[in-house]
Amino acid sequence: MIREKHDLVVIGGGPAGLAAAAAAKEAGCDDILLIERDRVLGGILNQCIHDGFGLHAFKEALSGPEYADRFIQKVRALDIPVMEKTIVLDLSKDKVLRVSREGEIKEIEAKAVVLAMGCRERTRGALSIPGHRPAGVYTAGTVQNLVNLENIMPGKRVVILGSGDIGLIMARRLTLEGVKVEAVFEVLPYSSGLQRNIQQCLEDYGIPLYLSTTVVDICGPEGRLEGVTVAQVDEKRRPIKGTERYVPCDTLLLSVGLIPENELTREADIAINVITQGADVDDSCMTGLPGVFACGNVLHVHDLVDFVSMEAERAGKNAALYAAGKLSRKGREITVTPGDGVRYVVPQRIAQGENVSLAFRVAAPSRDREIEVRCGERVLKSRKETRLHPAEMVWVDMGRLDPNEIDSLEVRVK
């Protein structure tokens, strides 16, 4: 079997992988290989033709392909080798990758690896919705690909389950194409998408959003979806009898969450966080396996691609330092845990302690609350937030932290 050696291998050519590879090259790593399973770079951004990307990174509104192109051009200008149409079959604890490209299988040995595989959508099977199994049930991202890249319209009368950002954006996109979007139904008592998308994609187009409501039956005995039955749910998300109603439609879009693609991570026996479904990492983005770093949506699902790029640049830079022998795991670490009102915090531990930035999501919407970062009873950082929402990630810059002086941090909302 053909065997290659590289200082750094980046798995994934989406926004995270592109930013990580470019940052690693700028940090002095000259032997980098970027692997992408699709035929082109850019990842999910290629089908996101709406604008709103780049407001933080470039201080201007770009479409998804425009944003991706900025980093693609940067990778090409830095002369970083790219293997497209290549699938990584497995990753060992020794950082040896087995890859397949157009029928050829080879092994690649790396000093450092950056995981940037992104995420996939949760499907109907994961929801266990009862009923028939007709044509016309899609994930929102699949419909986005069909409409924006393949010029295929999935149906004429659509119901959307879930108020994730992709579903909201496709509600607007389909409406602009002449499709009747009946409604968006969300099982939670609040929207799971960004507030700006609720306003621009639903309210501006008169599309109703029903909260605490879900699909309880799918009807399509003739092979094509004919309609869905929806019902209100209680505080435990159980359907309430007597609230059922039938909604005729020929297409059901599912926008019910994203799952980080961590099959390779698990194969390398890297610890996975129960809440984020991504790897546990330290402040350098290094996982529990020395030399393997994770960033972007494979680490935890982000709401803005600008934040993906910022995180990936940190991972790429630190991976380059590790490959050069300039970054190592220190003895003492600060553990970081979510407290009251916080669902998860990334990173889960702090090893280096330089320019530490904590990213977290709250457990429920709230207003006029105090964010605290504590070490025991001592408050290290505190700030007032007028509005907090689970759909919007919160960042807290902690500056320098010394693991020899602090052993644990807790992030809470009070």
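What does the accessible surface of the protein chain come to, and what percentage of it belongs to carbon and sulfur atoms?

## Surface and model basis

The accessible surface (Shrake-Rupley method, 1.4 Å probe) of the protein chain comes to about 18500 Å², and carbon and sulfur atoms hold 47% of that area.

This is a predicted model, in which local features need pLDDT of at least 70 and side-chain atom pairs count only at pLDDT 80 or more, while totals for chains, interfaces and linings use all residues. Residues are numbered from 1 along each chain as its sequence is written, and side-chain values use heavy atoms, with hydrogens and water left out.

## Overall fold

The protein chain contains 8 helices and 25 strands, taken as DSSP runs (helices H or I, at least four residues; strands E, at least two) numbered from the N terminus. Its radius of gyration, 22 Å, is close to the 22 Å from the globule rule for 414 residues, so the chain is as compact as a globular protein of that length. That radius is taken over C-alpha atoms, and the rule is 2.2 Å times the number of residues to the power 0.38.

The C-alpha trace spans about 65 × 60 × 40 Å along its principal axes. Of the 414 residues, 53% are buried (under 20% relative accessible area, 1.4 Å probe, protein chains only).

## A three-stranded sheet

Strands β19, β21 and β24 form, in that order, an open sheet with antiparallel pairing; pairing requires at least two DSSP bridges between two strands. The edges are β19 (342–346) and β24 (394–399), each with a single partner strand, so one side of each lacks a neighbour in the sheet.

Strand β21 (residues 356–362) pairs with β24 over 5 bridges in the antiparallel sense. Val356 stands opposite Gly399 in β24.

How values were computed
Buried means under 20% relative accessible area, exposed over 50%, partly exposed in between (1.4 Å probe, protein chains only).
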